[in-house]
Amino acid sequence: KQLDSVEFPEFVGHLWEWFAELHSGRQYTNEGAALPLGFESIKAWAELMHTSPNAYEIRILKQLDNIFIATK
């Protein structure tokens, strides 16, 4: 699914960009079902991107992921 066509308010736009980056590296089951983004994946992504999301931002990323998984 393409995630970059959604517009968010500027103050949370970076979270959507982060989620889109995380989503692009998402793993799938052999049947094609999306696996949830784990905290380990978020931590690895943050280290690679030299960014430090705070706890609130991580919770939002997880909520976006939960919504994606639930609506898939």
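## One face of helix α2

Helix α2 spans residues 39-49, and its buried residues are Ile42, Trp45 and Ala46. Looking down the axis of α2, these buried residues fall within an arc of 100 degrees, so they line one face of the helix. That arc is taken over the directions from the helix axis to the C-beta atoms. "Buried" stands for under 20% relative accessible area, "exposed" for over 50% and "partly exposed" for values in between, with a 1.4 Å probe and protein chains only. Helices are DSSP runs of H or I with at least four residues, strands are runs of E with at least two, and both are numbered from the N terminus.

On the buried side, the residues pack against α1 (10-24) and α3 (55-71). A contact here is a pair of heavy atoms within 4.5 Å.

## About the model

This is a predicted model, in which local features need pLDDT of at least 70 and side-chain atom pairs count only at pLDDT 80 or more, while totals for chains, interfaces and linings use all residues. Residues are numbered from 1 along each chain as its sequence is written, and side-chain values use heavy atoms, leaving out hydrogens and water.

## The overall picture

The protein has three helices and zero strands, in the order α-α-α from the N terminus on. Of its 72 residues, 33% are buried. The protein exposes about 5300 Å², with carbon and sulfur atoms supplying 54% of that area; the areas come from the Shrake-Rupley method with a 1.4 Å probe, and for residues only the protein chains shown count as cover.

How much of the contact total comes from residues 24 or more positions apart? Among contacts with a separation of 6 or more, such pairs account for 50%.

In soluble globular proteins, nonpolar side chains tend to be buried together. The largest nonpolar core in this model has 15 residues, and those touching the most other members are Leu15, Trp18, Phe19, Leu22, Trp45, Leu61 and Leu64. Each of α1, α2 and α3 supplies at least two residues of this core, and the largest share, six residues, comes from α1. A core of this kind is a set of buried Ala, Val, Leu, Ile, Met, Phe, Trp, Tyr and Cys residues joined through side-chain atoms within 4.5 Å.

Leucine 61 lies in helix α3 and is buried, with a relative accessible area of 1%. Leaving aside residues up to four places away in sequence, leucine 61 touches Leu15, Trp18, Phe19 and Leu22. Tryptophan 45, in helix α2, counts as buried at 7% relative accessibility. With the same exclusion of residues up to four places away, tryptophan 45 touches Trp18, Glu21, Leu22, Thr51 and Pro53. The C-alpha atoms of tryptophan 45 and leucine 22 are separated by 7.1 Å, although the two are 23 residues apart along the chain.

## Rings and a charge

A search of the whole structure finds two aromatic pairs. One of them joins tryptophan 16 and phenylalanine 19, with 5.7 Å centre to centre and 35 degrees between the planes, which makes it tilted. Rings of Phe, Tyr and Trp (its six-membered ring) pair if their centres lie within 6.5 Å; planes under 30 degrees apart count as stacked, over 60 as edge-to-face and the rest as tilted. Both tryptophan 16 and phenylalanine 19 are buried. Because they are three residues apart in helix α1, about one helical turn separates them.

Elsewhere, the charged end of lysine 62 sits over the ring of phenylalanine 39, 4.9 Å from its centre. This label requires NZ of Lys or CZ of Arg within 6 Å of the ring centre and within 35 degrees of the ring normal.

## A buried aspartate and a loop histidine

Aspartate 65 is found in helix α3. Is this residue buried or exposed? At 0% relative accessibility, aspartate 65 counts as buried. Its contacts, not counting residues up to four places away in sequence, are Phe19, Arg26, Pro36 and Leu37.

Histidine 50 follows α2 and is found in the loop between α2 and α3. Histidine 50 is exposed, with a relative accessible area of 75%. Most residues other than glycine have a negative phi. The phi of histidine 50, however, is positive, near 55 degrees.
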